[in-house]
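Please read the following note alongside the sequence and the structure.

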Amino acid sequence: MTVAIVLAAGTPAAGQPTAAGDTLGATLADRLAEQWHRAGVTHVRRAANLTELATLVDAATGPVIVSGTDLVAHTAVLRHLATSPVGPTVALVLTDPPAPGQAVVREERGQVVDAGPDGRLDGGQTGVFGGALRVGRDDLPALAAAARAAVAGTPIAGTPIAGTDPAAVAGTPPAAGPEAAGSAVDRLFTGLTALGTLTFAHRVRLLVAHRVADPAGLAVAEAAVAAVDEDRAELRLSVKEKDDFFTTFFVSTWSPYVTKASAKLGLTPTGVTAISVLFAAVAAVLFGVGGRPALVTGAVLLYLGFMLDCVDGQLARYTRHFSAWGGWLDTMADRAKEYLVYAGLGYGATAAGFRYGWALAVAAMTLQTVRHMTDTWYGVLHDEAARRPKAVGGGGGGGGGIGDRLNAASTRVQADTGSLSYWLKRTVVFPIGERWALIALTVALFGPLVSLVAVLTWGVLAFAYTGALRTLRARWMWVPVLDTVDATLHRDDGPIAARFPVLRPMGPLTLAVLGALGPAALLVAAGLRVRAGDEAGGLAWAAPVALLVLLVAALGAGAAHNGPLDWLVPAALRAGEYLFAIAAGVVGGAPAWVVFGYVFVLTLHHYDLTARLEKRQAAPPLHGATLGWEGRSAVLAVAAFAGFTGIAMATLGAYLLVVFVGSVVLAWVVLPARARRGVGVPAGGEVRQPG
């Protein structure tokens with residue numbers, strides 16, 4: 001249950017009469033309370049001062065929204081703040097110039113990394129606090145502590161609280177001095193930030209939100225609100241503010257019309273996701289069938305499927321229907337669709353007479369998965385670095401710390417938005433829109449083989465480009481992100497790795513890379529034998545040897561993952577396991593489609609882990625039954641040596657798929673149902689909005 005608390009303390013504007021004919025409330029405070037009701041908050045309370053607010057927060061059992069009474073905004077702005085999926089604690093941030101007594105903020109990658117009175121951030125502010133914030137349940141103790149500290153006028157974590165006029169705290173406008181409207185809610189927000197609460201910034205686009213202090217400001221703000229069509233603005237807001245080139249110019253120009261129609265038809269974001277998967281699956285079948293009409297039809301369906309992939313996120317934002325399940329499903333469906341298309345291309349290339357069609361499909365899937373692993377962990381690295389305060393700088397010269405320099409770099413990128421170099425940088429990294437566009441275009445014009453080669457070529461170049469830049473930047477930042485999470489879970493270690501001794505001097509990344517060299521060498525040797533017309537089965541004895549080399553990576557399982565590049569460890573382990581599975585399949589003579597299917601199931605398992613990392617969720621319920629990367633590889637090594645790789649790979653893949661489906665059912669159906677009955681705790685968490 002979400003509770004909204006309207007805080008009148010220190011807000012002379014609270015009693016301002018609203019525009020004539022306004023049916024929401026006679027005063028600004030009345031109207032704001034009614035707007036929170038219209039925004040979907042069923043319980044709205046008023047607090048005369050911060051002491052009353054702290055008492056209300058102590059009694060709350062769910063998220064709490066706090067707002068001053070000097071805010072004039074569209075109701076949609078309040079609804080968007082109340083339903084924001086980016087995190088449990090979110091603050092409204094405006095671009096208005098700060099008035100006396102209002103807090104300014106500095107943000108990076110959507111996170112508020114510092115806040116304080118105007119002037120304390122030395123010009124480093126990126127916005128002004130909008131006088132409203134939503135605080136997640138786990139952060140409520142910090143909110144109550146910040147309120148009581150603001151009442152007492154005591155500093156928090158060494159940060160002085162702006163203004164300590166007892167009259168303002170008590171809810172009475174202070175005598176002449178620097179205090180201004182909304183100062184109590186600003187002190188509350190500054191204190192909450194000083195406690196280290198992870199707070200995300202909610203920016204206002206297209207709609208209107210202003211804080212007012214006098215009748216003239218109120219009239220101007222009300223006129224600005226009335227001048228904007230709220231529903232039309234919300235539809236435009238459903239489109240991501242910044243997207244990639246193909247999506248921006250070839251999809252988002254017309255997808256909002258589909259979004260509006262979907263909303264009128266009563267479709268849910270999950271339903272649109274399911275239709276998108278269906279389109280991609282049919283396209284994959286047509287790519288496998290071959291023939292120009294089928295290939296062109298498949299390319300069109302692929303484009304429409306990608307458009308619907310954008311619409312599901314737009315529909316979620318437009319209707320404000322967010323859920324942990326929807327966010328997880330969107331992430332998993334994106335990858336499943338893409339890899340189904342790779343399967344169709346691989347089959348089609350093979351059917352057209354190319355011997356290594358399936359091999360190219362497996363290579364494309366492996367490359368893209370390892371790339372995504374690095375993308376995920378670099379994002380975590382960047383988020384953690386952005387929170388580093390000025391005093392913590394990570395080497396190098398120049399003023400400020402990591403967060404300051406990252407913010408400066410981000411500002412330069414923002415200034416470059418829309419230029420040719422900006423779009424080139426966004427395109428060269430080969431995002432999903434460009435991948436789908438390349439596949440559709442090349443398969444329609446040339447066929448599956450050219451399409452796979454094009455995807456692999458651009459993918460390798462993009463991986464090299466982003467990998468080099470991120471490695472250099474990560475060495476400069478030196479932020480140990482794997483120390484902040486369960487490294488065993490995200491390494492995907494099993495019971496065998498847990499029993500290995502620790503070889504600390506070499507570091508976990510070096511050991512993971514060395515381990516991957518064994519499977520890579522075996523795969524190269526097997527591939528050369530096949531190309532020469534020999535049987536790769538003669539290398540069956542080498543499979544256990546390659547396994548022993550791979551197990552070198554297990555020597556780093558218990559080591560501290562605090563090196564500047566240890567964020568690459570999960571990706572290196574994924575590469576090692578996939579290469580070993582492919583090599584074992586080639587050596588053991590497993591059908592190529594079986595190898596593809598097995599690696600596909602592995603990617604589902606690993607994408608589940610990264611999706612949970614991004615959504616801040618617990619481990620899959622049946623994670624312990626997946627055997628770990630080393631356990632699965634050991635099974636395949638024995639099978640390759642004994643000569644029954646195909647059967648073993650198909651059986652193990654089917655087993656892992658059953659475990660995966662079982663985890664999904666437990667996590668999203670059984671455990672939540674038990675939680676609603678008061679039995680057990682579901683795996684869940686806040687979600688980022690889907691694509």
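**Cavities and cores**

1. In this predicted model, the second largest cavity is lined by Met373, Trp377, His490, Pro570, Arg574, His606, Leu609 and Thr610. Its volume is about 40 Å³.

2. Which elements supply this lining? At least two residues each come from helix 14, helix 23 (569-587) and helix 24. Helix 24 provides the largest share, three residues.

3. A search of the whole structure finds two cavities of 30 Å³ or more. The largest cavity holds about 70 Å³ of space. Its lining consists of His605, Asp608, Pro620, Leu622, His623, Thr626, Leu656, Val659, Phe660 and Ser663. Helix 24 (592-614) and helix 26 (645-676) are the elements that give two or more residues to this lining, and helix 26 gives the most, with four. Five of the lining residues of the largest cavity are nonpolar, four are polar and one is charged.

4. In soluble globular proteins, nonpolar side chains tend to be buried together. Here the largest nonpolar core has 117 residues, among which Phe287, Trp567 and Phe596 touch the most other members. Helix 14 (residues 357-386) contributes the largest share of this core, 13 residues. A second, separate core contains 33 residues, including Val105, Val112, Ala147 and Ala184.

5. What surrounds Phe287? Leaving aside neighbours within four places in sequence, Phe287 is in contact with Leu295, Gly298, Ala299, Leu302, Val341, Gly344, Leu345, Gly348, Ile439, Val443 and Pro448.

Key. Residues numbered from 1 in each chain as written. Predicted model: local features only at pLDDT ≥ 70, side-chain atom pairs only at ≥ 80, totals over all residues. Heavy atoms only, no water. Core = buried A, V, L, I, M, F, W, Y, C linked by side-chain atoms within 4.5 Å. Buried < 20%, exposed > 50% of the residue type's maximum accessible area, 1.4 Å probe, protein only. Contact = heavy atoms within 4.5 Å. 1 Å grid on protein atoms, 1.4 Å probe; cavity = no way out; pocket = protein on both sides within 12 Å on 5 of 7 lines; lining within 4 Å. Points joined across faces, edges and corners; volume = space filled by probe spheres on them. Nonpolar A, V, L, I, M, F, W, Y, C, P; charged D, E, K, R; others polar.
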